[in-house]
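Please find below a colleague's note on the structure shown here.

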Amino acid sequence: MADAKVIPFDDDRSRSAAVQRPARRRGAGSRRTGEPAVVREVGEVGEVQPLPGRFPAQDDVSVTPEEEPPRQPRDGGLERRVASGLAFLRRRLTGDYDVDDFGYDEELTDQVLMSLLRPVYDKYFRVEVKGIENIPAEGGALIVANHSGTLPLDGLMMQVAVHDHHPADRHLRLLAADLVFVLPVVNELARKLGHTLACAEDAERLLGAGELVGVMPEGFKGIGKPFGERYKLQRFGRGGFVSTALRKGVPIIPCSIVGAEEIYPMIGNAKTLARLLGFPYFPLTPTFPWLGPLGAIPLPTKWTIQFGEPIPTDGYPPEAAEDPMLMFNLTDQVREQIQHTLYKLLVQRRSVFF
Amino acid sequence: MGKVVLVTGVARQLGGRFVRRIQRDPQVDRVVAVDAVRPEHHLGGADFIQADIRQPTIARVLAETGADTVVHMDVTGTALGSGSRTTVKETNVIGTMQLLGACQKSPTVKRLVVKSSTNVYGSAPRDPAVFTETTPPKSLPSGGFAKDAVEVEGYVRGFARRRPDVAVCVLRFANILGPTAETPLASYFSLPVLPTVFGYDPRLQFVHEDDAVEVLRIASHEPERGTLNSGTFNIAGDGVLLLSQCSRRLGRPTVPLLLPAVTWAGSLVRTLGVSDFSPEQIRLLTHGRVVATDQMRETLGFKPKYTTAETFADFVRSRGPGLLPPEALAGAVDRIATLTLRGSGHLPTQSAN
């Protein structure tokens, strides 16, 4: 478990030099050398704060570098954070915030929903991100990823990965299955997280606005495949994502996610029950539904998300989007690249859980 | 030679406002206001002719007045006064057919403007997030006003085919709100507590009644240079408000109910006549609806003065404060801020606002 705690900080160090120091300082504090008082105060700040604050879950770490003088920081930090928390509460209570046409609530996503997902991302799945520099700093781009894991946690983790690691603070807008928008509560959260329906109209509108769009073209075939077929890419839909990218002239960024396949090993599929409930599949795993809600806890696998080299699409003539042959070729190219990277990452992986 | 404008549905607030507005335009000679009932508001000196557009008399009115512009605003979701749903449907559909028949025979009519609604897109979870004028609805509205609007637009398209010399403009309005607007959504927002559907937070778009009048005026005149005012246009203010935001800005608490309960409560409320909570209204308040307004800006050349949020703010000002006024909540948070900061031994900072 000690290993598991260290790894996220290693991630942090690679992502920004500023965080490196507090991580070390915290280590010093726990060894009872250095300045334990300051460290403890800072730790308390994290606990006192009752409201969803401006800072993410590891706030006790990321706040410190901003206040360098040793006395000033704790008071100023506490005050500022309480104030910003209350200002946030005030805006939420009075409805004084903006959402975009798709219902994306950036403030809520940044300050609450991401903070809820981040512990899962950092501490539970210990996601390692590679190739984040392949995502352009501006302009539209289409991230195409493999899909697995029975529940679409991989999409959410990919969103956290882009949100937390990309230097230009880009937000990933995921395209989700229509089932997501039928289910109560789920549809509300999905819209607020910036997801929208996987259809050409929405994708083109988002790409046209220069957004970063994420799509998992395998859909239910990928996410609901049996455990035995793990890391075998399914058919990539009808290649609609390629024609969308071609029409908008945005690059396609292949993305390979390793680790999501093993979170719920699907050993069976209760098809009748699925039909009754209107779901595309009803997973049976070694623990679900036998252990009830406890069985719905995913296995704590170690994840790697690798963003690959962008495949440019702006060199093609406008009528290329109507060319089925080119579309199939490009679809295959993207698929091959993801599959290849998956195998490479699997070879490098030491174990499923570490 | 000036224009003669014939306006239907003038007994409603919006129709009355439009008649008063268009009369002030210099190129308009005469405004003929038509409705089945005498309006309670004044029409600013327009000639009022009491005629039911469901009857063939409308053809005679059109021929006698020699109108060259017809603005059809009698396509509405709710009855005026104590009409039943059947009357409303007849006025919408049969009335439009009669009016279009009259227009087809009239040699003078050069321009037809129809007030439609974004209801024609329906509202379903499988729809794209933003509708453009060409988006086909995934599920055609099965009844109610939305179906009327779809049928009205169908007849208008038929008319446009048969009379290609007439410029036809269909304006699909998002929910019209404003201090005097009398729409089902306005009465919904006037409820002391807002019943909502549990687990859904629909995206809503509003258009201010001033903007509605203005765009109708633009559509009923000759197009400005570089613009085109025939065709179908979505009309909505910029931006989107979620229902939860609306309720907070109004200061009216919400009561989330499960979807079947909402449907049941809707029919109960409808029976009691408190508010018109029709099934399509429930669908709107479940899945929401957002339309693209690029055509309105680029082709029609209309820039709404009010955004969705500003429209709603204007509407909120015209209503009394709700049970949880946002100012009171903001004040409470500010007091907590003061107390917390003083409690921790520091002077309150102005960062809380």
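1. The contact between the two chains comes first. In this predicted model, 30 residues of chain B are in contact with 31 residues of chain A. On the chain B side, the elements that give two or more residues are α7 (243-250) and α12 (326-343) of chain B. The largest share of that side, 8 residues, is supplied by α12(B). By class, the side of chain B that touches chain A holds 17 nonpolar, 8 polar and 5 charged residues.

2. Chain B contains an open sheet of 7 strands, paired in parallel in the order β3-β2-β1-β4-β5-β6-β11. Because β3 (47-50) and β11 (231-235) of chain B stand at the edges, each with a single partner strand, one side of each is left without a neighbour in the sheet. From one strand to the next, the twist averages 20 degrees.

3. Strands β4 (residues 69-72) and β5 (residues 111-117) of chain B run in the parallel sense and are joined over 4 bridges. Here His72(B) stands opposite Val114(B), a residue of β5(B).

4. Chain A has 14 helices and 9 strands. Of its 354 residues, 43% are buried. Among contacts in chain A between residues at least 6 apart in sequence, 73% join residues at least 24 apart.

5. UniProt, in an unreviewed entry, lists residues 141-260 of chain A as "domain: Phospholipid/glycerol acyltransferase". Over residues 141-260 of chain A, the chain is 39% helix and 19% strand, with the end C-alpha atoms 23 Å apart.

6. The largest nonpolar core has 153 residues, and the members that touch the most others are Leu142(A), Ile143(A), Val144(A), Met157(A), Val7(B) and Leu171(B). Helix α7 (residues 153-165) of chain A gives the largest share of this core, 7 residues. Leaving aside residues up to four places away in sequence, Ile143(A) touches Leu172(A), Leu212(A), Val213(A), Gly214(A), Ile253(A) and Cys255(A). As general background, nonpolar side chains tend to be buried together in soluble globular proteins.

7. Which backbone features of chain A deserve a check? Most residues other than glycine have a negative phi, and most peptide bonds are trans. A cis peptide bond joins Phe288(A) and Pro289(A), with omega about 0 degrees. Pro289(A) belongs to the loop between β8 (283-284) and β9 (304-307) of chain A.

8. Two residues other than glycine have a positive phi. For Asp169(A) the value is near 55 degrees, and the residue sits in the loop between α7 and β3 (172-176) of chain A. Asp169(A) counts as exposed because 11 other C-beta atoms lie within 10 Å, the limit for that class being 12 or fewer. For Tyr231(A) phi is near 60 degrees, and its place is the loop between α11 (220-223) and α12 (240-248) of chain A. With 18 other C-beta atoms within 10 Å, Tyr231(A) is partly exposed.

Notes: Residues numbered from 1 in each chain as written. Chains lettered and ligands numbered in written order. Predicted model: local features only at pLDDT ≥ 70, side-chain atom pairs only at ≥ 80, totals over all residues. UniProt positions renumbered as here; feature names shortened; annotations may be inferred. Contact = placed C-beta atoms within 7 Å. Nonpolar A, V, L, I, M, F, W, Y, C, P; charged D, E, K, R; others polar. Pairing = 2+ DSSP bridges. Axes fitted to C-alpha atoms, helices over the stretch in contact; angles between N-to-C directions. Buried ≥ 20, exposed ≤ 12 C-beta atoms within 10 Å, placed from the backbone. Core = buried A, V, L, I, M, F, W, Y, C linked by C-beta atoms within 7 Å.
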